[in-house]
Amino acid sequence: MTADNNMRQNAIYLDHSATTPVHPAVVAAMAPFWAEQFGNPSSHHRIGYQAARAVEKARRTVAEVLGTDPETIVFTGCGSESNNLALRGAMTASKAAGRGEHLIVSAIEHSAVLETARQLRDYFGYELTILPVDRFGRVRISDVEAAIRPETALISVMAANNEVGSVQPWAEIGALARSRGVLFHTDAVQLVAARQWQLNAEPVDLMTIAPHKFYGPKGVGILVVRSGVDLVSSQTGGSQENGRRAGTLNVPLIIGAAEALRLAAAEREERLAHVLPLRDRLLAELPAALPDQCIVTGHPTERLPHHASFAFRNLSGNDLLIHLDVAGIAAGSGSACSSGDPKPSAVLQALGLSPEWTTGGLRLTVGAQNTDAEIDYTLGKIVEIVLKLSALEAGYQVVA
Amino acid sequence: MNELSINPRDNNRQRVVVAMSGGVDSSVAAALLLEQGYEVIGMMMRLWSEPGSGPAAPANRCCTPDQMADARRVADQLGIPFYVADVQQHFRQTIVQFFLDEHDAGRTPNPCVECNRQIRFGYLLDRALALDADFLATGHYARVVQEDGAYLLKQGKDSHKDQSYVLHTFRQSQLAHVLFPVGEYTKDEVRHLARDHGLPVASKQESQDLCFLNDGNYRRFIHDHSTQDHPTGPILDLNERELGRHEGLPFYTIGQRKGLGIAAAEPLFVLGKDTARNALIVGPREALGAGELVARDVNWISGRPPAGPTRAEVKIRYKATPIQSVVTPLDGNQAHVAFSTLVPGVTPGQAAVFYEGDTCLGGGLIRDTVQPINARRKTPTAGSVTNK
């Protein structure tokens with residue numbers, strides 16, 4: 001007996017902020033690089049040169065799409081690694097150069113940034129300021145300004161938040177940082193495919209990209225490192241990626257990353273035109289159907305185009321996900337947890353929401369294959385599930 | 001992408017949520033249900049455990065990370081979905097609090113009975129039904145039989161493994177939605193079934209230790225977590241002589257011999273607790289025997305108590321031998337049990353469960369006992385009654 005004949009597979013995938021299926025064109029672009037053009041780009045023979053040429057072509061593609069120079073593109077193993085390299089690399093380089101050892105991040109960063117920042121503080125002696133956010137989940141420029149000190153080396157604020165979708169004022173923060181001689185890193189994992197970049201003209205020194213969020217493969221990340229930014233590598237070894245990231249280049253995934261990014265740019269308008277109306281239906285119709293029990297989290301308009309997020313009063317996001325999965329809907333809470341030990345969401349707490357709202361986060365992120373009929377079904381199911389679970393919880397409250 | 005079928009529910013098959021532990025019984029239960037044609041969903045509850053010290057995160061012994069991984073592996077092998085439900089807060093507020101309250105009141109609770117009533121066949125059954133399941137299944141050794149339009153709870157086929165004692169709180173409305181697939185088999189047969197299916201053969205939750213303790217020390221747990229004081233007091237014999245001092249009533253159990261700190265010519269046993277005077281009553285082995293008890297919170301599985309005195313076999317502890325008795329329903333969901341013989345170790349707070357043959361009629365929590373020797377005392381212990 002298999003999963004297929006016990007229970008039908010999830011029919012509706014609404015978790016595109018977690019990951020996306022790899023685009024068939026990306027699969028095709030990667031195909032020759034597993035067994036045919038298998039060379040190590042560091043090797044000094046024609047098989048190796050062939051692989052190196054393919055990687056450099058991919059690097060040029062990525063740079064072109066982002067409006068930057070190929071030398072600024074560092075391929076890594078994932079978005080988390082890119083964030084680690086940005087923070088560890090820039091802080092270590094600043095310290096080594098006798099410059100400042102102060103780091104600023106926001107309270108709603110992805111854990112790859114937040115935990116790295118905390119480790120830099122707790123184990124390596126760096127100074128850390130964690131910026132609050134407003135009730136829409138956005139960092140205030142005035143808070144950034146107040147936090148900058150003479151010894152501030154790096155500000156890291158994400159371009160858009162994964163859990164509540166709010167797009168941050170990254171360009172203003174970057175401009176402010178630049179005017180103060182402080183490096184600016186932005187984790188653009190969620191935002192990168194949603195807008196046209198011109199990084200040579202934008203105030204960003206370090207930018208993190210994860211191709212699996214836009215129909216590319218998992219297992220590869222990108223860190224854009226502006227020319228002239230000093231980074232001490234955190235993974236040491238060979239001199240790959242100009243000494244910024246040691247390790248044999250993962251050629252097929254790098255090829256896939258570039259192709260996914262190229263397609264995301266080429267198809268941006270039609271992809272946005274597809275997801276926006278579906279997303280807008282979720283944002284409008286769910287709170288309308290459950291006026292006392294459901295609120296939209298994050299910014300109502302300044303948010304990722306495919307991203308809808310909600311909080312449900314006195315419910316557990318974990319329970320919601322179980323019920324949705326049984327109903328054939330794959331959704332997310334914003335922060336993955338499979339151990340049944342959910343904690344109140346730190347992001348929802350940072351928004352200032354009271355405890356009745358902070359356990360019941362739900363994230364619905366739409367993608368290229370979703371349809372209006374799926375949104376109809378999803379809206380109906382969520383309302384049904386929320387009413388059912390709320391009635392159950394109300395019963396326990398009385399007992400307790 | 002594949003053709004999207006909107007509603008994943010298969011209307012031709014009944015849906016069952018199986019409470020999985022990763023052990024042999026619930027794994028075989030899930031496998032049997034699949035073979036019987038049900039749509040099966042695996043679920044495990046994450047229960048509260050005492051916050052501990054040290055690097056390893058403490059875990060409730062019913063749902064350690066290892067057990068969770070085991071259960072998930074079994075679910076993957078069977079090809080069924082598997083979820084972990086967070087029941088930590090609810091479990092703390094109900095079962096752990098009940099455990100503390102009962103000890104504070106001088107009784108010795110069986111939290112597993114209460115957990116089955118409030119959590120497994122309360123909270124989890126509600127959740128299963130909310131998932132549009134028709135049934136909740138567990139790996140208990142018991143059977144549900146439908147007879148004349150009513151549901152009967154019967155002992156498991158394997159009388160050595162029978163677990164109907166901890167299930168005596170069932171109501172008809174619950175039994176209508178409960179399945180015990182391994183209750184139809186002996187433990188050996190279940191192990192064979194597990195081997196045939198390539199499932200794990202080790203048992204989980206065999207131990208009757210309290211699942212939410214960091215260590216096996218319930219006295220320390222009560223000391224750390226109860227909001228009440230447990231002052232020292234006198235240890236009295238049946239003649240009201242003070243033989244020593246006790247360290248707080250919750251830290252002693254009926255029938256206990258060791259750890260009293262008294263040197264006496266003949267062995268002394270804890271006979272009862274006089275909560276009104278904060279006294280621990282001790283006496284010789286012969287005085288342990290109780291002839292009667294009164295149970296509270298009595299549940300009759302049929303939904304109605306018998307009209308009058310009824311012959312039944314009564315178990316006063318999970319592993320106790322059934323005693324021929326006469327059970328008489330009393331007002332206020334209580335019942336009087338008259339044993340056909342003196343029974344040692346009848347402990348207030350434990351469940352008294354009534355059987356007629358292999359059918360579990362119901363049961364309740366032991367409120368008071370009547371110990372003939374003890375009853376001669378001028379002042380009865382709180383754990384005993386002189387009139388009824």
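Helices (H or I, at least four residues) and strands (E, at least two) are DSSP runs, numbered from the N terminus. By this count, chain B holds seven helices and 17 strands. This is a predicted model, in which local features need pLDDT of at least 70 and side-chain atom pairs count only at pLDDT 80 or more, while totals for chains, interfaces and linings use all residues. Residues are numbered from 1 along each chain as its sequence is written, and chains are lettered from A and ligands numbered from 1 in the order in which they are written.

**Overall form of chain B**

- The radius of gyration of chain B is 23 Å, close to the 21 Å that the globule rule gives for 388 residues, so chain B is as compact as a globular protein of that length. The radius is taken over C-alpha atoms, and the globule rule is 2.2 Å times the number of residues to the power 0.38.
- The C-alpha trace of chain B spans about 85 × 55 × 35 Å along its principal axes.
- Of the 388 residues in chain B, 48% are buried. A residue is buried if 20 or more other C-beta atoms lie within 10 Å of its own, exposed if 12 or fewer, and partly exposed in between, with C-beta atoms placed from the backbone.
- Among the contacts in chain B with a separation of 6 or more, 64% are between residues 24 or more positions apart. Two residues are in contact if their C-beta atoms, placed from the backbone, lie within 7 Å.

**The seven-stranded sheet of chain A**

- Seven strands of chain A form an open sheet with mixed pairing, in the order S2-S8-S7-S6-S5-S3-S4. Two strands pair if DSSP finds at least two bridges between them.
- At the edges stand strand S2 (73-76) and strand S4 (127-131) of chain A, each with a single partner strand, so one side of each is left without a neighbour in the sheet.
- Neighbouring strands of this sheet are turned by 20° against each other on average, direction ignored.
- Strand S3 (residues 102-106) of chain A runs parallel to S4(A), and five bridges join them. In this pairing, His102(A) stands opposite Glu127(A) in S4(A).
- Helix H6 (residues 111-124) of chain A packs on the sheet, where it touches S3, S4, strand S5 (152-156) and strand S6 (183-187) of chain A. The direction of H6(A) makes about 155° with that of S3(A). Axes are lines fitted to C-alpha atoms, for helices over the stretch in contact, and angles run from 0 to 180 degrees between N-to-C directions.

**Helix pairs**

- Helix H5 (residues 79-96) of chain A and H6(A) have axes that come within 9 Å and cross at roughly 30°. The two helices are therefore roughly parallel to each other, a term for angles under 35 degrees.
- The crossing of H5(A) and H6(A) is right-handed. A crossing is left-handed if the near helix is turned anticlockwise from the far one by less than a right angle, and right-handed if clockwise.
- Residues of H5(A) including Gly79(A), Leu87(A) and Met91(A) take part in the contact with H6(A), where the partners include Ala112(A), Thr116(A) and Leu120(A).
- In chain B, helix H1 (residues 24-35) and helix H6 (residues 187-196) pack at an angle of about 65°, with their axes 9 Å apart. This crossing of H1(B) and H6(B) is left-handed.
- Val24(B), Asp25(B), Ser27(B) and Val28(B) of H1(B) make the contact with Val190(B), Arg191(B), Leu193(B) and Ala194(B) of H6(B).

**A buried strand of chain A**

- Strand S10 (residues 307-312) of chain A is mostly covered, with six of its six residues buried.
- His307(A), Ser309(A) and Ala311(A) point one way from S10(A), and Ala308(A), Phe310(A) and Phe312(A) the other way.
- S10(A) runs antiparallel to strand S9 (residues 294-296) of chain A, joined by three bridges, and Val296(A) stands opposite Phe310(A).
- S10(A) also pairs with strand S12 (residues 361-365) of chain A in the antiparallel sense over five bridges, and Ala311(A) stands opposite Gly361(A) in S12(A).

**Individual residues of chain B**

- Most residues other than glycine have a negative phi.
- Glu240(B), which is not a glycine, has a positive phi of about 70°. Glu240(B) lies in the loop between strand S8 (233-236) and strand S9 (242-246) of chain B and is exposed, with 12 other C-beta atoms within 10 Å.
- Asn333(B), also not a glycine, has a positive phi of about 55°. Asn333(B) lies in the loop between strand S14 (323-330) and strand S15 (334-343) of chain B, and counts as partly exposed with 14 C-beta neighbours inside 10 Å.

Note on methods:
Angles under 35 degrees count as roughly parallel, over 145 as roughly antiparallel, 65 to 115 as roughly perpendicular and the rest as oblique.
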